[in-house]
Amino acid sequence: MNKASLFVYLSLIFIGCNTSPKKITDSENQRDSFYNTLQMGEYGIGFFNTVIYNADVRFDFLPVEGPSYSQYDYKGPTPLFLQIWHPIEQMNLKHMMFKDFRNRNLEYELQSVYEPLIAKMDSFFIQYNIIEDFTDYDSIDYNGVSYFQVLDTLKTFLTRSQFKKIHDKLEFPVIVYHHGGQGLSDENFILAEYFASRGYIVVTSNFHLPFENKVYGYEGIEFDDTTLPKSVIQFAKTLTTNDQLFFIGHSAGAQVGFKFLHENNWANAFVSLETTLEGKPVDYLKSEDGWPELFDTIDRHKLDYSIPILMLANTQEDKPFPLFDELSNSSLIQVSQKELFGHESYTAGYLMRYLYKDMFDQPDTSELRTQIIQYNKQLNLYAAFLESVRNKKPFNQKEFEQDFIIINLN
């Protein structure tokens, strides 16, 4: 089933599902499952959201003249709905549920854009994170509970975040996180909380916009997908007096990073979470069946990448990733897990349903448990890498060699 058809299918499920869903409650041990083994930092975690605009981006299927974005009842510069996690002193404020990250007070025109955006985010959260099991990718039977009921329950997950705005510039470094294709701005909220607790400001955004009669994630043929993250980076720099900014991208988000981080001054380091190119031979990458445009960009600029780069991909092979092993002017570390690690397991959203294993029948509980353990270990790996850049010290890889194959190329 293609993704456009699947969106229609999910919409029909939503329309036909029980309007009085079965009451399902959370439990304390399930809320804490991510946090029990995660090495959080000394800070509390503040959260707020905001909106920024890009008037320059153009979509080739919209009118050339007029506002850059005109959909639903909104006409104007392209809106980006940002979510921001940041360090705070330990405070006794109310902890937010996952669904609270999406609460916004918006004027009508923006609300007309935001509501369909959230609806499409929900549908694709279900597609990627709820419908299929991890190992065989078969449809999961939740024993009479609909996919949307499962989603509604996951949204009640009690996070460590507390609502608190930034009123003055902070002094912490910034991380900008870019989700993958058809991904979600809050898909990696555990990563955001983890780094906020350790003294980072973390900024995420929707890098997809909703378009009438277009599947979620559609951007057009000539769309420059580096324009929006550049806008987010420019905004993120206004939040702090610190001059260090790091970029983390997953899947297509990591691909976007390679499209522009060869340029100076955008980031001080880059963490690439499985672009999906890593295990492919060069001949395939540059073919029409591969990623010819991205291959061309990386190949042309292979001597221009100068910032430290940490690349992860689950090749499970002790050899460099083809194409990326030619980035000889960058301090480049390539990492693969020694055990199976799924492409979506880089995101916390994919792993959330495991926390409700006692509520919903799931065939892959033991497999997902290993994914959460590995996810937590990876966060420690990212942190060690960024701290080495932040403090201008060598990356100490020995503590990670038991779980990861680590190759230092430069």
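Helix α4 (residues 147-154) is mostly covered, with 7 of its 8 residues buried; buried here denotes a relative accessible area under 20%, exposed one over 50%, and partly exposed a value in between (1.4 Å probe, protein chains only). The buried positions of α4 are Tyr147, Phe148, Gln149, Val150, Leu151, Thr153 and Leu154. The model is predicted: local features require pLDDT of at least 70 and side-chain atom pairs count only at pLDDT 80 or more, whereas totals for chains, interfaces and linings use all residues. Residues are numbered from 1 along each chain as its sequence is written, and side-chain values use heavy atoms, with hydrogens and water left out.

The secondary structure of the chain amounts to 11 helices and 13 strands, where helices (H or I, at least four residues) and strands (E, at least two) are DSSP runs numbered from the N terminus. The radius of gyration is 21 Å, close to the 22 Å given by the globule rule for 410 residues, so the chain is as compact as a globular protein of that length. This radius is taken over C-alpha atoms, and the globule rule is 2.2 Å times the number of residues to the power 0.38. Along the principal axes, the C-alpha atoms fill a box of roughly 60 × 55 × 50 Å. Of the 410 residues in the chain, 57% are buried. Among contacts (heavy atoms within 4.5 Å) with a separation of 6 or more, 77% link residues 24 or more positions apart.

Glutamine 371 is located in helix α11 (residues 365-390). With a relative accessibility of 1%, glutamine 371 counts as buried. Apart from neighbours within four places in sequence, glutamine 371 is in contact with Phe134, Leu340, Phe341, Gly342, Ser345 and Leu351. A polar atom of the glutamine 371 side chain lies 3.0 Å from the backbone oxygen of leucine 340.

Asparagine 188 occupies the loop between β7 (174-178) and α5 (189-197) and is buried, at 4% relative accessible area. The side chain of asparagine 188 forms a polar contact of 2.7 Å with the side chain of tyrosine 375. A polar contact is a pair of N or O atoms within 3.5 Å; within protein, one must be able to donate a hydrogen and the other to accept it, and residues adjacent in sequence count only if both atoms are side-chain atoms. A polar atom of the asparagine 188 side chain also lies 2.9 Å from the backbone oxygen of tyrosine 346. Not counting residues up to four places away in sequence, asparagine 188 touches Tyr177, Tyr346, Thr347, Ala348 and Tyr375.

Leucine 191 belongs to helix α5 and counts as buried at 1% relative accessibility. The C-alpha atoms of leucine 191 and tyrosine 375 are 9.4 Å apart, although 184 residues separate them in sequence.

Most residues other than glycine have a negative phi. Tyrosine 137, in the loop between α3 (108-129) and α4, has a positive phi near 60 degrees and is partly exposed at 47% relative accessibility. Lysine 392, in the loop between α11 and β13 (404-408), has a positive phi of about 55 degrees and is exposed at 77% relative accessibility.
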